[in-house]
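Dear colleague,

Please find below the structure that I am handing over to you. I would be grateful if you could read the notes after it with the coordinates open.

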Amino acid sequence: MGARWSRLFASSRLLRASALLAVLAMIGFAINAVHPVLPWWILWLPSVAGSCLMVVHWRRAARADHLPAPTRLFWRRLFPVSVLVCLGSVAQAYDMITVADPSGEHISPGQMLCDGLAIGLIIYALLRLPFGRQSGSELFRIVLDAGTVMLACAIFAWHFSTRHALHGGDQGMIYVSLALTTLALLAVFAVAKVMLTRPAGFIDRTALRMIGVGVLVGALSSTLRPLVEPMNAHLFPGIVGMPLIFFLAGWAAERQRAADYTPRRGVRERPRRSFSFLPYVAIAAVDALLLSVALPESAPDRRVVVISAVALTALVVVRQVTAFVDNGRLLSRLDHGATHDALTQLPNRRLFHERLTKALTAPGERSVAVALIDLDDFKEVNDTLGHEVGDLLLIAVAERLNGCIRAEDTVARLGGDEFVVVLDGADPAAADLAAQRMMAALRAPVLADGHELPIRASIGIADGRAGDEAGRLLRHADIAMYAAKAIAGTASLHFTPDMAQAGADNAHLGAELRDAIDGDQLYLLYQPIVALSDRRVIGAEALVRWRHPTHGTMPPQSFLPLAESTGLIVPLSRWVLRAAFRQLSAWTAAHGEDAPAVLNVNVSPRDLREPGFAALVAALLDEYGVPPHRITLEVTESMPVDPHESSTTLTALRSLGVRVALDDFGTGHSTLTMLHDWPIDQLKLDITFTQAEVNRVPVAATVLQVADTLGLQTIAEGVETPDQAARLHELGYRSAQGFLFAHPLSPEEFGDLLATARAA
Ligand code: C2E
Ligand code: CA
Ligand code: CA
């Protein structure tokens, strides 16, 4: 403010001139108050000259083309005020200089007319200002406050001026004086209203205040006449007051012209809660007046009453202010609540949008990136381990993300398991670094309620620059995030235009998959499971494929994640189970003893949570006449499974006689205790350990030991070379599957394989 003020002052010669006039008026007044040496007309010169300068000032503001239209309209309405005031001040000066004995109030009729009109116009312009929407109670409060200020001014006016006018003077003067006082009080009311509210942002607040103070000075200065009159009948407060008012008015106009109205798209300034000391100042002033009037004149017992009354108002004011401060605190807490997420205390979607928009609309050429972070298995955690654990996970993720960003960036929670970071000023390389930091921060598992939860997240980055639209950037980040989800584990991707197409495709694919499950586009391949000792086929694993009408044959990885995330996995598993059981019963019919003894079928952890899943399996076994011990259901270990929730289903399945295998063992979530408590029969050693170089073999050995201790069967997956087969056999593995023995085969190929085996 100080700097701005001095800059204004330095840049406007006109403003310096009106300041000088105000100072000269004060000096002249002071000299003549002590000893009237200067001719009286000289004292009125600054007032006349100052009013002319004011006209120029206000004309400039009314014509400033760079200001927004409503601003110019306001100043155009005000401009005639300056002309009227100028005429009034000339009339006043003329009157004061020509009259021989100006004792008493003495107001020139010309000045009265001009000032009366001017004040009326100011009230009109002020009250026509748009104040934004206000509630009834707000408006009531403002009227009360403005009324308080007005009443205080009225008391002063009465005490210092009106009552004197009523005593002496002619009847006409009394009415005119009363009318003028009323008008001035109305102006005070209008000004107080403006100062207490926050007129829509296009009128400079300081300019308004200046005008307000000017009107106040005008309303009050005439009341000081009885104080200065005793010194000399020619001394009027207006001699000093007028140039001061004109200077304030000029300053207001200059402030307005210098105000910066470069448009800020979308950025809404938070409305400041107006708390004004104005009414309290008014009360204090009236109290002071009361003390000064009542104390010297009254008896001691009355003084006690007066002092107590004043003390009482002071106490009430203090109480009021305290309550207001308290309210303010409460409101700011509410404000925080409205812009922050209650669980993680991070900014919420609203504040995120505000910050992003601000970054995008900040002046200058700059990069702004948005990184959207979505947890991959959160729903799973929430559903299986409960919301409390889910909440703990979210809080931990929020803390980690918050801990790895720069101060100028904002992490926000958009809802659910979605977080977003505004990377202000980050180009693609910097955004990439930030994403690396986030991934590193999320690497360690979260310990929540005794569960060790690995965090897998997908990060989508949209690279934008100043001027971009916030919503579009977020949409791009979202698309990139979905693309990153297709990559196993935690990954980040930058948005590229071709992803937008892919995103649309994905939604489309979901709909197509639904049709595929209902129609006949899915089919199963069967990979033999062999005995390592003699490569005899002892079982098979059913693996699903999708014969897509336009994309051709699709591997499970390209549609299973979609099925999991859309819930389509449940009908899909139902289809797979039915097809697999039908096939097993067909092979049994065709090959008898030589048919695979056991068929492994993959199911999703989600299936285990479906109520009635065990009953469904029982019904299918019954329908196809398959003995339960010939079915093993594989549940992958790479997704978190709640042992407690799923164990009901698992126990039910096992009591049917169906066996359960833990798939991809070694990649995921199980702990040794979990293995021990879980009702399972089989471990499938994940392909990474099967194919590991020599130095990783110990894992395969350890898994075997654990399995033996717990009485579980083992199958080694993904055996591709005779070396691997030999090593696993040596370690003690009995069964395996892999390309070395056979690729996944169609039922016919599998039938041929069985036939040749029988022939051999
Ligand atoms: P999985 O259960 O671990 O299945 C084994 C995967 O390893 C199969 O991939 C198989 O083709 C592949 N594989 C077999 N031997 C070798 C080998 O020697 N080397 C290599 N590199 N790979 C080998 P596929 O068929 O693409 O299936 C991928 C995954 O999709 C499966 O992994 C399973 O988790 C899931 N899946 C497949 N069918 C179904 C299903 O019907 N239901 C469910 N829920 N998931 C399924
Ligand atoms: Ca499997
Ligand atoms: Ca596997």
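Predicted model: local features only at pLDDT ≥ 70, side-chain atom pairs only at ≥ 80, totals over all residues.

Residues are numbered from 1 along each chain as its sequence is written, chains are lettered from A and ligands numbered from 1 in the order in which they are written, and side-chain values use heavy atoms, with hydrogens and water left out.

**Calcium sites**

The calcium ion (ligand 2) is coordinated by Glu541 (OE), Asn602 (OD1), Glu634 (OE) and Asp663 (OD), at 2.1 to 2.3 Å. Donors here are N, O and S atoms within 2.8 Å of the metal (3.2 Å for Na, K and Ca); water is not among the atoms, so sites may look incomplete. Along the chain, these donors follow the spacing E-x60-N-x31-E-x28-D. Glutamate 541 lies in strand E9 (residues 537–548) and asparagine 602 in strand E11 (residues 598–603), so the pair ties together parts that are 61 residues apart in sequence. Strands are DSSP runs of at least two residues, numbered from the N terminus.

Glutamate 541 is buried, at a relative accessible area of 4%, whereas asparagine 602 is partly exposed, at 25%. Buried means under 20% relative accessible area, exposed over 50%, and partly exposed in between (1.4 Å probe, protein chains only).

Aspartate 663 and aspartate 664 are both buried.

In strand E2 (residues 410–415), 5 of the 6 residues are buried. Strand E2 runs antiparallel to strand E3 (residues 418–424), and 5 bridges join them; two strands pair if DSSP finds at least two bridges between them. Glycine 415 stands opposite glutamate 418 in E3. The hairpin has 2 residues between its strands, and glycine 416 in the turn has a positive phi of about 50 degrees.

**Cysteines**

The whole structure contains 0 disulfides, a disulfide being a pair of cysteine sulfur atoms within 2.5 Å. For cysteine 52, the nearest cysteine sulfur is that of cysteine 86, 3.9 Å away. Cysteine 52 is partly exposed, at 37% relative accessibility, and cysteine 404 is buried, at 12%.

With kind regards

Methods:
Helix = DSSP H or I, 4+ residues; strand = E, 2+ residues; numbered from the N terminus.
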